[in-house]
Amino acid sequence: MKQVFRVFWGCTLAAALALTGCGRGGAPGSSGAGSMSGSGSGAMSGGTAGQEQAWRTGLGVVTEAAGSDRAGKITTAAAAVVLDADGKLADVMLDELELSVSGGSTGSVTTPEDVRSKRTKGEDYPLAAASSLKKGWAEQADAFADYLIGKTPEEVSMLKLDNDGRGTDADLLSGCTIAVDRYRDAISKACSSAKVLGAAKGDRVSLGIEAVNATSDVTATDDKDVNAGIDVSMVAVTLDANGRVTSAVADMAEPALTVMSDGGIKAPDMVETKLEQGDRYGMRGASSIDKEWYEHSEGFCGYLKGKTRAEVADIPSDGSDADLMALCTISIEDLQKAALDAMAAVS
């Protein structure tokens, strides 16, 4: 039986989002790469410190998992946002990761070797040739993000889409004809969780995704199913005009499909990121510094502030940096790579 999970946002979220706000950062080769729209900006040139401090940074993730007789798929959409002082979309970057899994009649499991995100794949993700606009995924995702600049989170949540998840507005369709329902939901989540972390007017937001195939066993048996999954690390950063980090948010997801000995595949009912799990993740008791995962993540992100990409690359991942270890003792290897990917996307 096919199982599908999707996060939907209703009236309660729309009301909550009305109190917050979201924008877009480009990638090399994409339309408007690295640009920052001033549309909807609440802080004027020479604004007060209080206005600048009101800018917020958020990261939202929506994961869908589906399984059938011998085929399964995991899709993770992520959005990095900056909200201006008026609670409107100031900058947004989107990315998405897809993992397909197949099961054989003898319990064999096949997972893809290429676990790059769509933005990272670039022209290797063959959308442009099939698109009526002749545009690739990043170009269309950036066009959707640009379309939202200046809108409130409530306006994003109420965006009209057709039954296939595509936009209905002619202005949007002129630059983006792909389904955007997942991206809309990821942006909504990013807006609702956005916090004042140091971003200010003129900063650009960017997003990096680092994925690792987490499937260890390759054959399911009558006595043991195989969890075919992927570990996804995501980091949203804002950068000032000098390329230094002004704020960051890091998260991880571990979606997995269950493959049985007859090749059948089952999907989980829900996939939550580690930030979404909060204290339920249960790391505090095993932590040498008595911190939950999200607190380690906050420590890592705080440590990134003020650093350039070269300085972030120089952070030792072996735990030898005493200042970092006082804040974060989890492995930072994949989070560091994701942060570097994000910083490279707007360089």
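1. In this predicted model, helix H7 is largely enclosed by the rest of the structure, because 11 of its 13 residues are buried. The buried residues of H7 are Asp-181, Arg-182, Tyr-183, Arg-184, Asp-185, Ala-186, Ile-187, Ser-188, Lys-189, Ala-190 and Cys-191. The geometry of H7, which covers residues 181-193, agrees with expectation: at 1.5 Å a residue its 13 residues should span 18 Å, and the end C-alpha atoms are 19 Å apart.

2. Strand S4, residues 89-103, is likewise a buried element, since 12 of its 15 residues are buried and the strand is therefore largely enclosed by the rest of the structure. S4 runs antiparallel to strand S3 (residues 71-83), to which 13 bridges join it, and within this pairing Ala-77 has Glu-96 in S4 as its bridge partner. The two strands form a hairpin with 5 residues between them, and Gly-87 in the turn has a positive phi of about 75 degrees.

3. S4 also pairs with strand S5 (residues 109-110), again in an antiparallel manner, through 2 bridges, with Gly-103 standing opposite Val-109 in S5. Here too there is a hairpin with 5 residues between the strands, and the turn contains Gly-107, whose phi is positive at about 95 degrees.

4. The structure holds 17 salt bridges. One of these joins Glu-98 to Lys-73, with the closest N and O atoms 3.6 Å apart; the pair links distant parts of the chain, Glu-98 lying in strand S4 and Lys-73 in strand S3, 25 residues apart. Glu-98 counts as partly exposed at 24% relative accessibility, and Lys-73 is partly exposed with a relative accessible area of 36%. Both residues belong to a network of salt bridges that links Glu-64, Lys-73, Glu-96, Glu-98, Lys-118 and Arg-182.

5. Arg-244 and Glu-311 meet through their side chains in a salt bridge of 3.0 Å, N to O. This pair also links distant parts of the chain, with Arg-244 in the loop between strand S7 (226-239) and strand S8 (245-253) and Glu-311 in helix H10 (residues 309-313), 67 residues apart. Arg-244 is partly exposed at a relative accessible area of 32%, as is Glu-311 at 34%.

6. The side chains of Lys-274 and Glu-254 form a salt bridge of 3.7 Å, N to O. Lys-274 lies in helix H8 (residues 274-277) and Glu-254 in the loop between S8 and strand S9 (256-259), so the pair ties together parts that are 20 residues apart in sequence. Lys-274 is buried, with a relative accessible area of 7%, whereas Glu-254 is partly exposed, with 41%.

Key. Residues are numbered from 1 along each chain as its sequence is written. This is a predicted model: local features need pLDDT of at least 70, side-chain atom pairs count only at pLDDT 80 or more; totals for chains, interfaces and linings use all residues. Side-chain values use heavy atoms; hydrogens and water are left out. Helices (H or I, at least four residues) and strands (E, at least two) are DSSP runs, numbered from the N terminus. The expected span of a helix is 1.5 Å times one less than its number of residues. Buried means under 20% relative accessible area, exposed over 50%, partly exposed in between (1.4 Å probe, protein chains only). Two strands pair if DSSP finds at least two bridges between them. A salt bridge is a side-chain nitrogen of Lys or Arg within 4 Å of a carboxyl oxygen of Asp or Glu.
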